[in-house]
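Please look over the sequence and the model below before reading on. The report that follows takes up the charged pairs and then the surroundings of the ligand.

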Amino acid sequence: MKLVVATVQDQDADGAIQSLTKQSFRITRIGTTGGFLGQGNTTLLIGVEDDSVDTVVNTLRKTSQRRLRYMPMATGAAPDGVALYNHIEVEVGGATVFILNVEHFEQG
Ligand code: 2BA
C-alpha cells in the first residue's frame, strides 16, 4: 500500500477530489500554505493499493494546471523612506506529489 501526498492549488482541489472519488478513491483534504508564496493551497492524502498509484497520479495531472502567480518583492526605498515593490512572476503547480510506502494500515 502507498500513501500519495499531493499538494495542489485551491482552484484545482474540488476537480481533483471529484474525479478521484468518482473512481472510488478515499481522500483526506487538508488546507495548507505554501512556504515560498505564503498562499493557501490544498494537500490531499490518498491511501491506495500499489497498482492504483499510476491512476491517481494521472488523475492529478489531468485535473491540476500550472498558473502564474505574482509575488511582491522589495526593490528599495524612495527618498522619503517609503518601500518600493515590484512583482515577480512565479509559476506554480500542477500537483506536487510524494509517494510513501505504508508500513501498516488499519481502520477501527
Ligand atoms: P510554495 O512553497 O508557496 O511555492 C510556490 C511556487 O514558488 C513553487 O511552485 C515554485 O514555482 C516557486 N518556489 C518555491 N520555492 C522556491 C524557491 N526556494 N526559489 C524559487 N522559487 C520557489 P511549485 O513547485 O509548483 O510548488 C507548489 C507548492 O507545492 C508549494 O508552494 C509548496 O506548498 C508545495 N511544495 C512544492 N515542493 C515541495 C517540497 N519539496 N516539499 C514540500 N512541499 C512542496
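Which side chain meets D14 in a salt bridge?

## A bridge between helix α1 and strand β2

The model shown here is a predicted one, and in it the side chain that meets D14 in a salt bridge is that of R29, with a distance of 2.8 Å from N to O. The two partners belong to distant parts of the chain, since D14 sits in helix α1 and R29 in strand β2, which spans residues 27-33, and 15 residues separate them. D14 counts as partly exposed, at 46% relative accessibility, and R29 likewise counts as partly exposed, at 44%.

## Two further salt bridges

A search of the whole structure finds 3 salt bridges. Another of these joins R67 to D12, whose closest N and O atoms are 2.8 Å apart. Because R67 lies in strand β4 (residues 67-77) and D12 in helix α1 (residues 10-22), the pair ties together parts that are 55 residues apart in sequence. R67 is buried, with a relative accessible area of 18%, and D12 is buried too, with a relative accessible area of 4%.

The side chains of R66 and E91 also meet in a salt bridge, at 3.0 Å from N to O. Here R66 belongs to the loop between α2 (53-63) and β4, while E91 belongs to strand β5 (residues 83-92), so this pair ties together parts that are 25 residues apart in sequence. R66 counts as exposed, because its relative accessibility is 52% and the cut-off for exposed is over 50%.

## The shell around the ligand

## Polar contacts and burial of the ligand

A polar side-chain atom of N41 is 2.9 Å from a ligand oxygen, and a polar side-chain atom of T96 is 3.4 Å from a ligand oxygen. In the case of G93, a polar backbone atom is the one involved, at 2.7 Å from an oxygen atom of the ligand. Taken alone, the ligand exposes 750 Å², and the protein buries 51% of that area.

Methods
Residues numbered from 1 in each chain as written. Predicted model: local features only at pLDDT ≥ 70, side-chain atom pairs only at ≥ 80, totals over all residues. Heavy atoms only, no water. Salt bridge = Lys/Arg side-chain N within 4 Å of Asp/Glu carboxyl O. Helix = DSSP H or I, 4+ residues; strand = E, 2+ residues; numbered from the N terminus. Buried < 20%, exposed > 50% of the residue type's maximum accessible area, 1.4 Å probe, protein only. Polar contact = N/O pair within 3.5 Å; in protein donor to acceptor, adjacent residues only side chain to side chain. Areas by Shrake-Rupley, 256 points an atom, 1.4 Å probe, with all protein chains shown as cover.
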